[in-house]
Amino acid sequence: MKKDHFKSQILQGIPSELPAIKAYPKNGNPAPKRKDILSKEEKKLAVQNALRYFPEVWHEELATEFAEELKTSGRIYMHRFKPDYEMFARPISEYPAKTHQAAAIMLMIQNNLDPAVAQHPEELITYGGNGAVFQNWAQYLLTMKYLAEMTEEQTLHMYSGHPMGLFPSSKEAPRVVVTNGMMIPNYSKPDDWEKYNALGVTQYGQMTAGSYMYIGPQGIVHGTAITVMNAFRKVLKPNESPEGKIFLTAGLGGMSGAQPKAGNIAGGITICAEVNPEAAKKRHDQGWVDELLVDLDLLVVRTKEAVKNKEVVSLAYIGNVVDVWERFFEEDIFIHLGSDQTSLHNPWAGGYYPVGLSFEESNIMMVENPEAFKEKVQESLRRQISAINKHTAKGTYFFDYGNAFLLEVSRAGGDVMAENNIDFRYPSYVQDILGPMCFDYGFGPFRWVCTSRNPKDLQKTDAIALEVMKKIKSEAPEEIQQQMQDNIKWISEAEQNKLVVGSQARILYADAEGRSKIADAFNTAIAKGEISAPVVLGRDHHDVSGTDSPFRETSNIYDGSKFTADMAIQNVIGDSFRGATWVSIHNGGGVGWGEVINGGFGMVLDGSEEASIRLKKMLFFDVNNGISRRSWARNKEARFAIEREMERSPNLKVTLPHLVESDILDNLF
């Protein structure tokens, strides 16, 4: 009966009768109240915009309700219309759909909104404080209905969470095309997001939230593990173990919650501060962090004990990281690695909590006195960087984790600039690690989801991926041996590390060759019945080609083009006609609204010959588009990678740069 109820609810879309008002869940984690930025007339427009989803007979009652939501939350979420069925990724066979592609997308949407996965599920926000799947529950209901009705010759076009409609297309076309936050450039400042999101006409999709490809913190665990392992390699002697060495950072929310698990995998001591007790407790309950501490004195004692005993352990401190940086300096506790993964792309609305204020006090001040709150945040950032600078003077390796930490510190007037007063004194992790070691060689976060929801299917895919990677490594050049070995270790230990939250998903870093061979092996296994249902392929947008972000993904592009967004746009267009099941392009994500353009895809493997052809064409372009751009920027690792690819693929012909001797340029100007 539950299955029948679920299916009938999906097929209904907007209900025929007005649902009763729902109480907010007692154990809910509400999104921060948004800035009161609309004029009186604009607030009327916001309500008018929201009411267009519903029949006129409901308007008078809903208008009052939506106006109150706008007043109390800063947004109209339409809580009354949240469906009463449980939200999680069901087996693909349970979705009422005419195509398995549409059913797979429905599964991925529900996974993004699963309370075990999503940061603020009642507000349809998956992670990052504002990374939304939809703006409101009416959009969710309509989208799921459209997907249930969709044929293989229709495409659903999504305008920032709003399902514009099903349009005739073809079997070869993407089933869904998603855009999020695509603003005219002069209207892409943070307050523009506040205004137009409040009006209900755009949204912040983050990276994988608004493209239905978030798989819980596992995705960032892998990238963080790779980063931390290689950061330790930079500061430790050859063959020296990270055991008993400290990695100090902040944030235990949707994405940042992965840090302690990654630190354990890397083999050190991870200390992660989090001001929101609920977020810290959630990660502890899920097994992502080993121990919770609420007293700074006890944290000092426990840290010294872990160092002395050379432990591999993760400690969550419920408090402000600024206090930790300062206290550890006073206690002469040496920090090998330091970073920060608070949501500084969203500094004034809950992304960063200033030292000296409680979590509750901050939540009140950011709404009631936003200017004072901004001053507190900037004061805290200046204090944090001052403490970090003292540690780095003693040998700590600090890196920006692409969350706009250094950018916001510079805007706050913190002591973070290099001597040239142009660059930051600390590198981003992409500049120092992931860029030259991974992205330039074509390695990035390839992921998949087993739509059966059967753990045995995931185990089978792990075994297939491991076999493929071992074979590739045996023939791979020296330049990528370390990358191959790190990912072989990752996938070998993936099940025992208990990385699954929500759907049966997996991630690893692979290049174009690895992605294509792994995907094709999956497709063959599906055809043979060795995997019991289709597999969804995807990736993080934080990848080789998907994202143009001058302070993160493309921060190691030095030819002046890092502020351009051609690569991300070309990536999404190119993927769409080479076989992707759905594609997405977003403004914002990770480092902030107006600071990045990022794109992604999803592809459903069903065991067919057609899927085998599609995956080879699309995955090849999805990676090599970015390697080509990085090669043209004169990145030597990318030059190596694209020349190697052209040798393997005669149909690939990429423009290569001629390198100029520096003495020719020295006296020109």
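## How α2 and α3 cross

In this predicted model, helix α2 covers residues 40-51 and helix α3 covers residues 59-73. Their axes come within 10 Å and cross at roughly 125°. That angle makes α2 oblique to α3, because angles over 145 degrees would be needed to count as roughly antiparallel and 65 to 115 degrees as roughly perpendicular. As for handedness, α2 passes α3 in a right-handed crossing.

## Who meets whom

Let's look at the residues in this contact. On the α2 side they are Lys43, Ala46, Val47, Ala50 and Leu51. Facing them from α3 are His59, Leu62, Ala63, Phe66, Ala67 and Leu70. Sorted by class, the contact of α2 with α3 has 9 nonpolar residues, along with 1 polar and 1 charged.

## The chain around them

Stepping back, the chain contains 22 helices and 17 strands. Its C-alpha trace spans about 70 × 60 × 55 Å along the principal axes. For 669 residues, a compact globule would have a radius of gyration near 26 Å, and the chain's value of 24 Å agrees with that.

How much of the chain is buried? Buried residues make up 61% of the 669 residues.

Terms used
Residues are numbered from 1 along each chain as its sequence is written. This is a predicted model: local features need pLDDT of at least 70, side-chain atom pairs count only at pLDDT 80 or more; totals for chains, interfaces and linings use all residues. Side-chain values use heavy atoms; hydrogens and water are left out. Axes are lines fitted to C-alpha atoms, for helices over the stretch in contact, and angles run from 0 to 180 degrees between N-to-C directions. Helices (H or I, at least four residues) and strands (E, at least two) are DSSP runs, numbered from the N terminus. Angles under 35 degrees count as roughly parallel, over 145 as roughly antiparallel, 65 to 115 as roughly perpendicular and the rest as oblique. A crossing is left-handed if the near helix is turned anticlockwise from the far one by less than a right angle, and right-handed if clockwise. Contact means heavy atoms within 4.5 Å. Ala, Val, Leu, Ile, Met, Phe, Trp, Tyr, Cys and Pro count as nonpolar, Asp, Glu, Lys and Arg as charged, and the others, Gly among them, as polar. The radius of gyration is taken over C-alpha atoms; the globule rule is 2.2 Å times the number of residues to the power 0.38. Buried means under 20% relative accessible area, exposed over 50%, partly exposed in between (1.4 Å probe, protein chains only).
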